[in-house]
Amino acid sequence: PRLIAATAIGYGALLLYADRRASREGPGLELDGFGMQPAMLVGCAQALALVPGTSRSGITITAALLLGFARPAAARFSFLLAIPIGLVLAGKQFADMARGLPVGVPAAALGVGIGVSAVAGYAVIAFLLGWVRQRSLAPFAWYRLALGVVILLVFVR
């Protein structure tokens, strides 16, 4: 719990800083500004999500904002980064099923789950992209800060 609380608070504070800095600096770079170096840096930041309590999308958006990208571009790139791993995981599930390995659910249920997840994911991403075009990411940062404090109060003695 301490690690999760620390990453929630630390990365929440970093997101708040990056968001406020992006607001002060103006419009920022767009997606076409993601050359090899920024893409590699944001990809490396994504690896931090292996640490418990780190939000994959939160850390990649934060990294892109710190590199000078506009909120919508940072969010779009972060969401695009989720597609390859999602496809690999779905493919692995289907490959395991094809080999006769147990996956815990019937094939039809897995297919429906993936379909519903894709539709819900698309809707949430559309909502969030609309949000970042008009508003700050501060509520998400404050949520992370509050979550970290609650975890400390509840689980750490």
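Q: How many helices and strands does the protein chain have?
A: The protein chain has 6 helices and 0 strands. Both are DSSP runs, numbered from the N terminus: helices are H or I with at least four residues, strands are E with at least two. From the N terminus on, the order is α-α-α-α-α-α. This is a predicted model, where local features need pLDDT of at least 70 and side-chain atom pairs pLDDT 80 or more, while totals for chains, interfaces and linings use all residues. Residues are numbered from 1 along each chain as its sequence is written, and side-chain values use heavy atoms, without hydrogens and water.

Q: What does the C-alpha trace of the protein chain span along its principal axes?
A: The trace spans about 55 × 50 × 25 Å.

Q: Why is Val150 called partly exposed?
A: Its relative accessible area is 45%. Buried means under 20%, exposed over 50%, and partly exposed in between (1.4 Å probe, protein chains only). So Val150, at 45%, is partly exposed. Val150 sits in helix α6. Across the protein chain, buried residues make up 30% of the 157 residues.

Q: What volume does the largest pocket have?
A: The largest pocket has a volume of about 560 Å³. Of its 15 lining residues, Ala82, Ile83, Ser117, Ala118 and Ile125 are the closest to the centre. A pocket is an open set of 1 Å grid points with protein on both sides within 12 Å along at least five of seven lines, and lining residues have an atom within 4 Å of a point.

Q: Which helix gives the most to the lining of the largest pocket?
A: α4 does, with 8 residues. α4 (71-98) and α5 (107-134) each supply at least two. By class, the lining has 11 nonpolar, 3 polar and 1 charged residues.

Q: What lines the second largest pocket?
A: There are 16 lining residues, and Leu15, Ser55, Ser57, Gly58 and Phe140 are the closest to the centre. The volume of the second largest pocket is about 300 Å³. α1 (2-25), α3 (56-66), α4, α5 and α6 (138-155) each supply at least two residues. The largest share, 5 residues, comes from α3.

Definitions and conventions
1 Å grid on protein atoms, 1.4 Å probe; cavity = no way out; pocket = protein on both sides within 12 Å on 5 of 7 lines; lining within 4 Å. Points joined across faces, edges and corners; volume = space filled by probe spheres on them. Nonpolar A, V, L, I, M, F, W, Y, C, P; charged D, E, K, R; others polar.
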